[in-house]
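Trainee: I'd like to go through this model with you, starting with the backbone and then moving to side chains and packing. Could we have the sequence and structure in view before I start asking?

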Amino acid sequence: MTTDPGLRRLALRTMLAAFPGHTAPEWATGLLGEGLAGYTLFGFNVAEPGQLAGLTAQLRAARRDTLIAIDEEGGDVTRLAHLTGSPYPGNAALGAIGDLDLTRRVYHSIGRELADVGVNLNLAPTVDVNTATDNPVIGTRSFGADPVRVAAHAAAAVVGLQQAGVAACAKHFPGHGATVADSHLELPTVDVSPQLLRDRELPPFAAVIAAGTKAIMTAHIRVPAITGDDPATFSEKLLVDVLRKEYGFTGCVVTDALEMQGAARAAGGIGPAAVRALAAGADLLCLGADIDLEITEQVAAAIAGAIADGTLPIARVEQAVARNQALAAWTHGIEEIELSPRLGYDAARRAVSVEGSLTGFEHPFVVQLRAGHTIAEGAVPWGLSPHLDGTPQLAVAADETSAGALIDAAAGRPIVLVGRHTHRNPAARSLAEQLALAHPLAVVEMGWPAGWRPSGVKAFVTTYGASHANGRAAAEVLGLVA
């Protein structure tokens, strides 16, 4: 079946695609000339600032009003610093500090870095209220578990980004913080009443709307009382009746990546997911990371076909395109504030909390427990290793070692055990508890804080994140930085 060229071009104007590599392939720039809304950049597109600035300039040479998006949350989710770890603490640390102006300044600094390399849409901040301690995908990306605190910091983050001339995209509407499943892999459920949703999940979105956020990202989660069996991304009740009519949002609704199983599996493929999202009220379709020309054309053909057969009203697509163009055309004067390049490290220091006493840990043996990462985070370096002044250290998997072996390796030194979401891993938790009862132990927790503490532990250090800045702050508290 031949795709109507005019409808194809209209479809392209709703899409954020992706491509591999540090330069744009010819097909990627060609699609911009044919109307593609823009691209999302990922870690595999970023080598260093000069290269990234050249890449964005290449894209803009193909079409000046191109949307160039990136996930730069700071903390555990970074694309600019994916090779080293972010120089900024993430939202959990900022929420723990509780200084709204600091949050604004950190996000302003992130925005300035993005503007300098030509990015104009940041798929941040994460404004989910993280009420599920074992949330596998939000955690330290959240400002906290209190809706009022999260709302205040979310608004400050949006203001900071947009003062730098970079559009904010608050996520993940209507709230991914109460889930215990990852929407990259399945369709999570938040089984709450509409009233609880309004009281707990939605205050941060009301706050960012009041703060003038240019975009809001949908979540691939189902709220049965409102969405039935569908994810929020396909729910007109949520995207139109609640977000636009009830909360008054007039900006651009961006989908989370449609290649994620929470959307693609629910719709029967990425093309049908794109059609359903547009029909429900989404404007800008983020396709995801593993995207090429063939997939991009398949999605465009699916949208064009749905318009042609009447499944998708053309007026709805034109409305989406108009919002996307308004987003691309938006500019904002950059506030002239000199920010210290050490801002993120100073903020991370303020977030660290210490329970107990570190007396006696001046010359420790550092053990880092290997931990996985979410798809959102990617394989970004973390821990204390880059910051140590020659302190002996060892990286181990909790299920491949024993307390006795680590005590022997420490050779009389006290042990500092560095972990990430340690309480979630039974082997890691057991190892820490055995060590604490048999040997002087301090634990550094770089994941989402939980109530768990191993009995007998001498000190428990919480960083509220695992960025490069968080690791530096922990090493400084321990006195291990030269």
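**Backbone, buried sites and helix packing**

Mentor: Let's begin at His172, whose place is in strand 5; helices (H or I, at least four residues) and strands (E, at least two) are DSSP runs, numbered from the N terminus. Bear in mind that this is a predicted model, where local features need pLDDT of at least 70, side-chain atom pairs count only at pLDDT 80 or more, and totals for chains, interfaces and linings use all residues. Residues are numbered from 1 along each chain as its sequence is written, and side-chain values use heavy atoms, with hydrogens and water left out.

Trainee: Which residue does a cis peptide bond join to His172?

Mentor: Most peptide bonds are trans. Here omega is about 10 degrees, and the cis bond joins His172 to Lys171.

Trainee: And what is omega for the cis bond between Ala124 and Pro125?

Mentor: Pro125 is found in the loop between strand 4 (121-122) and helix 6. The cis peptide bond that joins Ala124 to this proline has an omega of about 10 degrees.

Trainee: Is Ala411 buried or exposed?

Mentor: Look in the loop between helix 16 (403-410) and strand 12, where Ala411 is found. Its phi is positive, near 50 degrees, in a residue other than glycine. Buried means under 20% relative accessible area, exposed over 50%, and partly exposed in between (1.4 Å probe, protein chains only). Ala411 has a relative accessible area of 64%, so this residue is exposed.

Trainee: His421 has a positive phi too; what is its value?

Mentor: His421 lies in the loop between strand 12 (415-419) and helix 17. At 16% relative accessibility, it counts as buried. Although His421 is not a glycine, its positive phi is about 55 degrees.

Trainee: Which backbone nitrogen does the side chain of His421 reach?

Mentor: Leaving aside neighbours within four places in sequence, His421 is in contact (heavy atoms within 4.5 Å) with Glu445, Gly447 and Trp448. At 3.1 Å, its side chain reaches the backbone nitrogen of Trp448.

Trainee: Whose backbone oxygen lies 2.7 Å from a polar atom of the side chain of His439?

Mentor: You will find His439 in the loop between helix 17 (426-438) and strand 13 (441-445), buried with a relative accessible area of 14%. Beyond four places in sequence, it touches Ile407, Ala410, Arg413, Pro414 and Ile415. The backbone oxygen at 2.7 Å is that of Arg413.

Trainee: What is the relative accessible area of Thr233?

Mentor: Its place is in the loop between helix 9 (224-227) and helix 10 (236-246). Not counting residues up to four places away in sequence, the residues that Thr233 touches include Leu239, Thr255, Leu258, Ala277 and Ala280. Thr233 is buried, and its relative accessible area is 0%.

Trainee: At what distance does the side chain of Thr233 make a polar contact with that of His220?

Mentor: A polar contact is a pair of N or O atoms within 3.5 Å; within protein, one must be able to donate a hydrogen and the other to accept it, and residues adjacent in sequence count only if both atoms are side-chain atoms. The side chain of Thr233 makes one with the side chain of Thr218 at 2.8 Å. The polar contact between the side chains of Thr233 and His220 is at 2.8 Å.

Trainee: Which residue just after helix 8 takes a positive phi?

Mentor: Helix 8 (residues 203-210) has buried residues Pro204, Phe205, Ala207, Val208 and Ile209. Among the elements that cover them are helix 6 (147-163), helix 7 (194-201) and helix 10. Just after helix 8, a positive phi of about 90 degrees is taken by Gly212.

Trainee: Now for packing: how are helix 15 and helix 18 oriented to each other?

Mentor: Helix 15 (residues 343-351) and helix 18 (residues 468-477) pack at about 55 degrees, with their axes 8 Å apart. Axes are lines fitted to C-alpha atoms, for helices over the stretch in contact, and angles run from 0 to 180 degrees between N-to-C directions. Angles under 35 degrees count as roughly parallel, over 145 as roughly antiparallel, 65 to 115 as roughly perpendicular and the rest as oblique. Helix 15 and helix 18 are therefore oblique.

Trainee: Last one: what is the angle between helix 2 and helix 3?

Mentor: Thr29, Leu32 and Gly33 in helix 2 meet Gln58, Leu59 and Ala62 in helix 3. The axes of helix 2 (residues 26-33) and helix 3 (residues 49-62) are 8 Å apart, and the packing angle is about 40 degrees.
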